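Biologist: Could you walk me through how to read this one? I'd like the general idea each time, then the case at hand.

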Amino acid sequence: MTTLLGIETSCDETSAAIVADGKDVRSNIVASQVEVHRKYGGVVPEIASRAHIECLDAVIEEAFEIAACAYANIDAIAVTNRPGLVGALLIGVTAAKTLSWVWGKPLVAIDHIEAHACSAAIELDEPPWPAVSLIASGGHTSLFRIDDPTSIALLGATTDDAAGEAFDKVAAILGLSYPGGPQIERIAQDGDPKAIDFPRTMLAPDSLDFSFSGIKTAVLYHVHGHGRTSGGLEKLSRQDIADIAASFQQAVIDVLVRKTMLAIRHSGLSTVVLGGGVAANRALRNALAVACDERDLQFHAAKMDYCTDNAAMIAALGHHHLVNGDVADLDLDTYATGAVPRK
Ligand code: KG4
Ligand code: ZN
């Protein structure tokens with residue numbers, strides 16, 4: 001039995017959580033900075049770091065309070081130290097190191113993307129491994145083979161934009177506010193997903209890598225006219241915008257589902273798990289559920305609360321590393337990029 005404090009500050013959510021045994025979430029506090037960054041159309045790193053400093057102490061305190069857990073009763077502190085905005089990561093890592101030293105508790109370093117990759121296991125009775133894990137977030141789109149939460153291999157990744165980044169950029173093209181994913185999903189409900197045949201970039205036939213920059217440009221030219229980057233939006237009706245949103249969303253989902261099924265064929269595994277911010281998209285969850293059902297595969301999507309950035313997934317993965325004796329020193333550093341090796 002373990003109880004971990006998790007701390008997550010890699011981007012624009014300040015989060016702390018208390019999780020028991022790597023899956024029972026006692027509290028998961030998330031302070032979102034979306035409103036602070038909205039007027040800039042995206043996350044401003046320096047503002048994100050400052051906002052983390054302002055609210056992290058209160059968020060950690062609330063996590064202990066909601067969990068009815070005393071500081072002395074945790075076994076370790078798990079913190080995201082990669083990948084992310086280095087200045088933002090530094091706030092969480094400094095807090096975690098300080099608490100680790102003051103309370104005399106071990107420190108566990110967590111890769112944020114590995115935590116997303118394992119997030120579907122949170123609150124499951126039985127662990128879903130081995131599985132193919134699809135992660136679609138604002139900064140990453142990756143397929144992993146997970147044999148165990150401490151044995152994760154990268155099968156494929158985006159060669160340019162991430163899926164969430166494409167949602168955010170297409171939302172900006174359509175005049176929708178940041179973050180774009182939830183806005184596109186909302187508007188797409190009134191649109192026809194077959195209205196426009198946007199490209200489904202598959203790269204080489206057997207490739208498990210992704211590319212989403214082409215579809216973003218295709219939407220840009222569809223809105224403004226070929227080779228043009230402005231002047232077209234005013235001419236579109238509400239229905240036109242809904243059709244573009246629905247067709248774009250469908251094209252991204254088709255690629256994500258096809259590549260995941262290809263990874264299943266390559267790996268010979270029979271379980272798919274889904275995580276990351278874009279996993280909050282109901283059309284994607286449904287499409288993957290249907291594809292898995294048709295092939296008699298097990299499918300587990302991360303619960304909604306554990307899709308976008310949260311500390312519960314950090315504490316959950318921290319449990320497995322702690323049990324493995326994988327503990328960090330107080331000279332732990334932060335890194336902008338991830339560390340998962342390609343298979
Ligand atoms: O995992 P996440 O919270 O942060 C990163 O680690 O990047 O993912 C944020 C991304 C954003 O690009 C956001 O637009 C996208 O997830 N997102 C969605 C939805 N909710 C969030 N994309 C599509 N549909 C959604 N419902
Ligand atoms: Zn994330």
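Modeller: Buried means under 20%, exposed over 50%, and partly exposed in between (1.4 Å probe, protein chains only). Mind that this is a predicted model, where local features need pLDDT of at least 70, side-chain atom pairs count only at pLDDT 80 or more, and totals for chains, interfaces and linings use all residues. Residues are numbered from 1 along each chain as its sequence is written, chains are lettered from A and ligands numbered from 1 in the order written, and side-chain values use heavy atoms, without hydrogens and water.

Biologist: Where does leucine 330 lie?

Modeller: In the segment after α10 (312-323). Helices here are DSSP runs (H or I, at least four residues), and strands are E runs of at least two, numbered from the N terminus.

Biologist: And which residues coordinate the zinc ion (ligand 2)?

Modeller: Donors are N, O and S atoms within 2.8 Å of the metal (3.2 Å for Na, K and Ca); water isn't among the atoms, so sites may look incomplete. Here they come from His112 (NE2), His116 (NE2) and Asp309 (OD), at 2.0 to 2.1 Å. Their sequence spacing is H-x3-H-x192-D.

Biologist: Why are histidine 112 and histidine 116 separated by about one helical turn?

Modeller: Because they sit 4 residues apart in helix α4 (residues 112-118).

Biologist: Are histidine 112 and histidine 116 buried or exposed?

Modeller: Both histidine 112 and histidine 116 are buried.
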